[in-house]
Each structure stands twice: as C-alpha cells, then as structure tokens.
Amino acid sequence: MSLLTNARILTMDAEMTEIERGWIALDQDRIVALGAGDPPDGAGFGPAQDMGGDLVMPGMVNPHAHLPMTLFRGLGEDVDDRLFRYILPLERALVTAEVVEIGTRLAAVETIRGGVTTVADMYYFEDRIGAVLDAAGLRGVVGQTLADFAAPDHASMDEGFARLDALAETYAGHPRITASAAPHAPYSTGLDVLTRVAEWSAAHPGLPVQMHLAETKPELDWAARTHQCTTVEVTDRAGLLGPALIAAHVMYPTEADMDLIAERGAHVAYNARSNGKAGRGIAPITALRARGVQVGIATDGPMSGNTLDLFAQFGPATMFQKIAAGSRAALPCRDVLRMATIEGAATLGMADRIGSLEPGKQADLIRIALDDPRLHPIYDIYSMLTYAATATDVRATMVAGQWLMQDRALTTLDAERALADALQVAHQFKARIVEIDRDAAPAGAPL
C-alpha cells in the first residue's frame, strides 16, 4: 500500500466532504482509506508521498469527445461550409487506422495534462483508439460510430455492426476500456438502424450507447418531416432512449422531450463551448438537471471546441445557464465540479467505481498546484476551480493507482513524438486542402 499525505482533499462524495489537510491510502488500483490530519500510527499503509498542501480531487470525466479530431483543430474556422468542403473529404481520403492512432495519441497527452482520467469517445477505428488509451493508462469508453454517410472504417451498416461486435469482444472484461455503440445521430442513421442498435444494446447489458441528439435545427426538421414527432421521440420509438444512452448536446428538446429523457433515465453530455462556438444557443441544462437527469460536462471534438481541456468548459458551462436564467445563482460552481466528476461518472454508468474519492473506489485522482497567485485568496474552492484554475495547474494525474503524470512530466506517453507525428499528418491535410480549394475555385480566380 501507499500513502498520499499533506493534501487538501475534495472528495466529491454525497456529503461533498472537504478536508483541509489530510491523507489518502491506496492499495494497488483502489482507495482503501482517507482522513483528516496525519494517518494513524501503525496502520501499515506503506511509503508516503507528500502532496505539499496541493489539492487532491477525483480525476475528471469527459463524457463526449472525438479524440482523433485533434488533427482537425482550427481547420477552416471561418468557412461556413467547412464540414462538407474540408472535413468530410479529408476523412474519406486520409483518415486511416494509423492516422486515428496518431490523433488519439496527441489527444491522450492533452487529456492527461488536463486532469481528465476518463473519456468517452465516438469516432472510427475505435479498436485502435482503445489500444492507445490503454497504453496511455487512461480509462475510456470507445464508441464505434455508425452512420449512413461514407465512413473511413466501414462501407455498410452490416460492416459497421461487425466492427462493433469485434470491439465489444476485444474489450470484454477490460478493467479500464469499455466498448460502446455510437450511432451518429437519428437523422444520419434512421429509425431502423436505431432499432437495431437498441437490440444490440439489450444483448450487451452494461455497455453504453453514445449519440448526438437534438443537436441542430435541421435534425428537428428531419424528425418532423419523416416521423411527425421530435428527434427525442424518434429515439424513444426505437427503444434506445434509456439508461444506457449518453445523449450529446440536447440543444433543442421540448418540455415533453425533457420529461421523457428523465422518465427513461437517459443521460446527457453538455458541450457548452462547442455549442456556443457554433452559434447554436444554450442547452436547457438547468431544466434537465431539475428533472433529475444526470448531466456531465464535455468538450466535444477538438475540431468543434478546439480543446480537450475541461477547465476551459467550466466558465461557459455555468455562464450560459446564468444568461438563460438571468441570475447569478443558476448552475452554481459546486454543481459544475460535480458534473465534471461524480455526475460525469454517472452519465457513463461508472459512479460506483469513479468520480469521487471514497474507500473502495478506483484510485483515479489528480493533484492541482495551489501556489499560483492567480488562484488566491480561496474563499470558495469550487469557484476557484470553475473560474480561475487552468489545465496547467494540474501537477499530477493518476488512473487505477498508476501515475500517468508526475510534476507535469508524462510517464506513459512521449509527448514530443506525439506532436511530431501529428504535424506530419497535418502536412498531408494541408496539401489536400490546397487541392480542394484549387478544384473549387472558379476558372481564372486567384488561389
């Protein structure tokens, strides 16, 4: 066993217990005890590591991301049709299993440095994404995307489901990596495919399903036109709106939709920064949480939100709810941190294992330095973390009792190589973008 001592501890347990100065005892991958002051004499906890008065809190949970899209970060930001002009053509032409690994490795570096210990991803070649996360020591949910548009890793739905079955088999019983079905969205799959996903989910209890839901106005129009109902109701008709579902965005639910989400026990991933950047408005998170819906704070993909840093989400996440409510009291900072930890864990069905520091739970935790003047004085630790702290304040990151980063030095990944590999892919992307722009330019127009 080992000890962490002289730590300021945020447990994020049901009582929101805070310890001004305390200790945590670890046995391999689990927390076995914690308390205030110094550890009891003669307890046999083993060697101690002094936290120097730094904050120790649960590792954060990111319930919605597209990790390999680090490679698309900042691409075509000021182009209205960048998805169809650049992103989809680049994916079809250049996204291979190797490219996915490279993008995920860069994402894993960013994730660990930012104090995120668990991330839910949906993209392509998820077996390779799982392998990268596993090697990095992270905890992850890897979601095989299913969609009716051309995908880099499957040409038909049958092939997509075959990849999903293989993914579930590969990670069955894995201690940190969980397979997931990830139908892209109702409009990009259709009722029949969603029904098939629901059947797959019923046959694989304990495995989550990830999907974009009620994210855009065209999605609502599609549901009204093709099914004479809302997109949430389409999902419910398919039998997919339930406790296994992690619904990303949920920008435009009706009151009845929100009641239905709560009744069915589905969960929501809140992507405030990405939504705001796209000009989509403010998701009704306060109303969903008031109904008892579990909501986690997410980053979305680095193409959409530009960062996998959860600290960068906190300000927008609460400010948008305050703007919508016209009150400073909306979505208080304590709730923001709960959504980043224990409630984020609940959206993934993992609150019994992670999300708080309690005996019996996994030793997923982060150490945050408190020595920067920017963080002081601390009247309210949750306010400080929400508005003042940044990812660079994270000094160390642990998952399942293993330090993935100590004193800002990564222990499981080579950050320099990850960046160099990513820049090589970016050179390929840039060359293809030049070709796309040339082919799209009118004859005689300057390039």
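P377 lies in the loop between β14 (365-368) and α14 (381-387), and a cis peptide bond with omega of about -5 degrees joins H376 to P377. The model is predicted, so local features need pLDDT of at least 70 and side-chain atom pairs count only at pLDDT 80 or more, while totals for chains, interfaces and linings use all residues. Residues are numbered from 1 along each chain as its sequence is written, and side-chain values use heavy atoms, with hydrogens and water left out. Helices (H or I, at least four residues) and strands (E, at least two) are DSSP runs numbered from the N terminus.

**Helix α15**

- Helix α15 covers residues 415-440, and its 26 residues should span 38 Å at 1.5 Å a residue; the expected span is 1.5 Å times one less than the number of residues.
- The end C-alpha atoms of α15 are 37 Å apart, which agrees with that expectation.
- A415, A418, A422, V425, F429, I433 and I436 of α15 are buried (under 20% relative accessible area, with exposed over 50% and partly exposed in between, for a 1.4 Å probe and protein chains only).
- These buried residues pack against α1 (82-94), α2 (97-113) and β17 (409-410), where contact means heavy atoms within 4.5 Å.
- At the start of α15, the backbone nitrogen of E416 has a side-chain oxygen of D414 within 3.2 Å.

**Helix pairs**

- The axes of α1 and α15 come within 10 Å and cross at roughly 125 degrees; axes are lines fitted to C-alpha atoms, for helices over the stretch in contact, and angles run from 0 to 180 degrees between N-to-C directions.
- α1 and α15 are therefore oblique to each other (angles under 35 degrees count as roughly parallel, over 145 as roughly antiparallel, 65 to 115 as roughly perpendicular and the rest as oblique).
- The crossing of α1 and α15 is right-handed, meaning that the near helix is turned clockwise from the far one by less than a right angle, with anticlockwise for left-handed.
- On the α1 side the contact is made by R85, Y86, P89, L90, A93 and L94, and on the α15 side by Q428, F429, R432, I433, I436, D437 and A440.
- Helix α4 (residues 157-170) and helix α5 (residues 191-203) have axes that come within 12 Å and cross at roughly 20 degrees, which makes α4 roughly parallel to α5.
- α4 also passes α5 in a right-handed crossing.
- M157, D158, F161, L164, D165 and A168 of α4 make this contact with V193, R196, V197 and W200 of α5.

**Two buried sites**

- V119 lies in strand β7 (residues 116-123) and is buried, with a relative accessible area of 1%.
- Not counting residues up to four places away in sequence, V119 touches N62, A65, L67, L133, R139, G140 and V141.
- The C-alpha atoms of V119 and L348 are separated by 9.4 Å, although the two residues are 229 residues apart along the chain.
- S201 lies in helix α5 and counts as buried at 12% relative accessibility.
- Beyond its neighbours within four places in sequence, S201 is in contact with L207, V209 and A244.

**Positive phi in loops**

- N306, in the loop between β13 (295-297) and α11 (311-325), has a positive phi of about 75 degrees although it is not a glycine.
- N306 counts as buried at 19% relative accessibility.
- D407 is not a glycine either, and has a positive phi of about 50 degrees; its place is in the loop between β16 (402-406) and β17.
- D407 is exposed, with a relative accessible area of 56%.

Technical notes
A polar contact is a pair of N or O atoms within 3.5 Å; within protein, one must be able to donate a hydrogen and the other to accept it, and residues adjacent in sequence count only if both atoms are side-chain atoms.
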